[in-house]
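Work through the exercises below with the sequence and the 3D structure at hand. Try each task before reading its solution.

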Amino acid sequence: MSEPDASQMILTEDLDNIYRIAEPLWLDLDNSRIFLTGGTGFFGCWLLRSLMHAIRHYGINIDVTILSRDPDAFRMVEPELGRCSEFCFLKGDIANFAFPEGDFDYVIHGAADSSNQVLKNDPVRMCKSIINGMQRVLDFACSASSPRVLFLSSGASYGGEPPEGCPIPEEWTGNAIDVLDINKAYTETKRASEMLCTVYRHQRNLDIVIARCFSFIGPGLPLDANYAIGNFIGDVLAGRKILVRGRGLEERSYLYTSDLVAWLWTLLVRGQSGSIVNVGSNSAYTIAEAARLVSEVLGGAGVDIKGEGSPRDTSASYLPCVATAQELYGLTQNVDLKESVRRTAICYGWSTEC
């Protein structure tokens, strides 16, 4: 048998860490049925990997039904997940999928058309998918013996940073949104989805927890999409100088995938019903600092900041206050940004010899 390569070793370590951090939760999840939307995305694939790892290596018994528009395409991209016998794929669209039969213990709703490209090219589709999809999932939950529901929302729901600046606490109700600004459509649909959760909890007695997710890093993060840290890693791996548009003064923070998944399992099982919890890192970096860190860790060709000398960026910082996660659930960040960058790059083929 061949020795595992570096990327396989990283993934195995990450999955072991997820199991270890979330170990008290597996007894609750054992012998359960889970319905997952968004299972083919960045978050969803990591949730599925952690479940498959718990099933294969620790004897946990979990059946998962995964909603997908194209299960065959997913199986080609993720053949190991596609072959897992405990995973059943339901073909359908989030807005009108046929309800799977039987009762479920947990529902995780993570499906959303959230890319800048979708917002630019087809905002009607994006809004309908997010809002109608949320309602469809909640109606399904009502029909499936009212399982516990975890909605993977977004820090974008706040509509920017508070007047006093970041980090953003959960009790802040957010900025007023200009409904004539098409760029605010994603924010408004996420808010509407959260309100639907509140309405269904109030009227239908559904047990719902909302996770407002911020910025993340890890294997599987696209290197050519609207994720700055992914683009920076992609630049270095392609031998390019990292390009930062603007002055790079906006602040971000990044939670590694193994921490992210452990946090989400914790909120699914232990989160207080009707609560909103920020999910992310509280270690802040400016965009320029993050770019320089990526170049330094991976031995890149440096950073080109296009906006140096121009007026201050108008983009708001995007940082969560994670005191609730820390104090109420004992959740912490275990992997810092330097190690996150290293581990992510290794899984994309980078090595210290590059």
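A pocket, on a 1 Å grid over the protein atoms alone, is an open set of points with protein on both sides within 12 Å along at least five of seven lines; a cavity is a set of points where a 1.4 Å probe fits but cannot get out, and lining residues have an atom within 4 Å of a point. Grid points are joined across faces, edges and corners, and a volume is the space filled by probe spheres set on the points. The model is predicted: local features need pLDDT of at least 70, side-chain atom pairs count only at pLDDT 80 or more, and totals for chains, interfaces and linings use all residues. Residues are numbered from 1 along each chain as its sequence is written, and side-chain values use heavy atoms, with hydrogens and water left out.

**Exercise 1. Describe the second largest pocket and its lining.**

Step 1. The volume of the second largest pocket is about 590 Å³.

Step 2. Its lining consists of 21 residues, and Leu11, Leu15, Arg49, Met52 and Glu80 lie nearest the centre.

Step 3. Sort the lining by class. Ala, Val, Leu, Ile, Met, Phe, Trp, Tyr, Cys and Pro count as nonpolar, Asp, Glu, Lys and Arg as charged, and the others, Gly among them, as polar.

Step 4. Find the helices involved. Helices (H or I, at least four residues) and strands (E, at least two) are DSSP runs, numbered from the N terminus. Helix H1 (6-21), helix H3 (42-58) and helix H5 (79-83) each supply at least two lining residues. H1 gives the most, with 6 residues.

**Exercise 2. Check the length of H3 and decide how enclosed it is.**

Step 1. The expected span of a helix is 1.5 Å times one less than its number of residues. For the 17 residues of H3 this gives 24 Å, and the end C-alpha atoms are 24 Å apart, so the two values agree.

Step 2. Buried means under 20% relative accessible area, exposed over 50%, and partly exposed in between (1.4 Å probe, protein chains only). Because 13 of the 17 residues of H3 are buried, the helix is largely enclosed by the rest of the structure.

Step 3. Look past the end of the helix: glycine 59 follows H3 and has a positive phi, near 70°.

**Exercise 3. Repeat the check for helix H7 (residues 123-143).**

Step 1. Buried residues of H7 include Met126, Ile130, Met134, Leu138 and Phe140.

Step 2. Just after H7 comes serine 145, with a positive phi of about 60°. Serine 146, in the loop between H7 and E5, also has a positive phi, near 50°. Serine 146 counts as partly exposed because its relative accessible area is 35%.

**Exercise 4. Is threonine 65 buried or exposed, and which residues does threonine 65 touch?**

Step 1. Threonine 65 belongs to strand E2 (residues 62-68).

Step 2. Its relative accessibility is 6%, so threonine 65 counts as buried.

Step 3. Contact means heavy atoms within 4.5 Å. Leaving out residues up to four places away in sequence, threonine 65 touches Arg33, Ile34, Phe35, Leu36, Cys88, Leu90, Pro100 and Phe104.

**Exercise 5. Which residues line the largest cavity?**

Step 1. There is 1 cavity of 30 Å³ or more, and the largest cavity holds about 30 Å³ of space.

Step 2. Its lining is made of Trp263, Gly280, Ser281, Asn282, Val322, Gln326, Thr332 and Gln333.

Step 3. By class these are 2 nonpolar and 6 polar residues, with no charged ones.

**Exercise 6. How many aromatic pairs are there?**

Step 1. Rings of Phe, Tyr and Trp (its six-membered ring) pair if their centres lie within 6.5 Å; planes under 30 degrees apart count as stacked, over 60 as edge-to-face and the rest as tilted. The count is 16 aromatic pairs.

Step 2. One of them joins tyrosine 158 and tryptophan 172, 6.0 Å centre to centre with 15° between the planes, which is stacked. Tyrosine 158 and tryptophan 172 are both buried.

Step 3. Another pair, phenylalanine 214 with tyrosine 318, is tilted, at 4.7 Å centre to centre and 35° between the planes. Phenylalanine 214 and tyrosine 318 are also both buried.
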